[in-house]
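Here are a few notes on this model, as numbered points. Please read them with the structure open.

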Amino acid sequence: MSIDQPAAAPARTSTLAVVGAGSVGASVAYAAMLRGSARTIALYDVATAKVEAEVLDLAHGSSLAAPSTSPARIIGGDDVACVAGADVVVITAGARQKPGQTRLELAGTNVDILRDLLPRLLEQAPDAVYVLVTNPADVLALAAARIAGLPDGRVMSSGTVLDTSRLRWRLAERLGVSSRSVHATIIGEHGDSEFALWSSASIGEVPLRQWTDPDGARALSDAELGDLEREVAGAAYTVIAGKGATNLAIGVAGARIVEAILSDEQAVLPVSTPLSDYRGISGVAMSVPSVVGRGGVLRRLEVPMDDAEQARLEASAAALRSAQRSLGL
């Protein structure tokens, strides 16, 4: 069964398919609709009543969204054929992270879901870029790339795009500047071993470690930077403890990645893809600054790191390898 909102305008050329109509999938679709990320948004889920209700709810608000662009066409249902011909497929289907549960503990269940789901999606959208927005993001990115067998860069996860947004927001709040003027990035595992590239972080053109308060004193000590980093790494657990799930911010992060792909922005985003000799690291997927455009990840940038950051990158890779071995990946 499928619901289709009749299009008032000619057929469009950019189609986003969102797989999974749970809180994260609905949030990705909603953010994409509000931001004008795609011209057609297809929502697919096997839960008939749920997906039909979400499609209707989105369609009812579509004429009020993104006033600078024509309203998105909203389609979807419980038939996988609704994703046919999609340019980008965002996969949010998977078991939900429970309070106190780490992302890596979710791995086994969600890899099994991908093994069943991906072949059916590839039949419908063989030319799409696939973006995983479910946890554990890095292990699933590696598993999905191997299951799909697509060219390098056409499978990724949202990685630390949201973590980076959390960090920039928190630094902006602490220093009293616009978050758009904060240039700082979280890399590595989307999880407990992630870390900030403090050595290259800046506020505007000023290196972060040289940023001073109005009285001329250094604004952030190394100890406070460490506290901020740990706060960001644990932010999801705080949200989950309070409301049961993280969905709104990751919905916006997912829509942002979709825009970079569909608009061929060649934007630099810390998405997660399988690495091959990236600063000596291979065989794992994790987030590093990457150029994202129409073909997916076009290149990975080998940004400068100090010795401590290189060591943390290697430690993050080791943590992911351990999880992968337990799953036979």
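1. Leu 142 is buried, because its relative accessible area is 4% and the cut-off for buried is under 20%. Bear in mind that this is a predicted model. Leu 142 sits in helix 4.

2. What does Leu 142 touch, leaving aside its neighbours within four places in sequence? The contacts are Pro 274, Gly 283, Ala 285, Gln 324 and Leu 329. For a sense of distance, take Thr 48: it lies 94 residues from Leu 142 along the chain, and their C-alpha atoms are 30 Å apart.

3. Thr 134 belongs to the loop between strand 6 and helix 4 (137–148). Is Thr 134 buried or exposed? Thr 134 counts as buried, since its relative accessibility is 11%.

4. Ile 91 brings us to strand 5, residues 88–91. Val 88 and Val 90 point one way from this strand. Val 89 and Ile 91 point the other way. All of them are buried. In a regular strand, side chains alternate between the two faces of the sheet.

5. Which strands pair with strand 5? Strand 2 (residues 15–19) does, in the parallel sense, over four bridges. Strand 6 (residues 129–132) also runs parallel to strand 5, and four bridges join them.

6. Follow Val 90 across these pairings. Val 90 is the bridge partner of Val 18. Val 90 also stands opposite Val 131 in strand 6.

Key: Residues numbered from 1 in each chain as written. Predicted model: local features only at pLDDT ≥ 70, side-chain atom pairs only at ≥ 80, totals over all residues. Heavy atoms only, no water. Buried < 20%, exposed > 50% of the residue type's maximum accessible area, 1.4 Å probe, protein only. Helix = DSSP H or I, 4+ residues; strand = E, 2+ residues; numbered from the N terminus. Pairing = 2+ DSSP bridges. Contact = heavy atoms within 4.5 Å.
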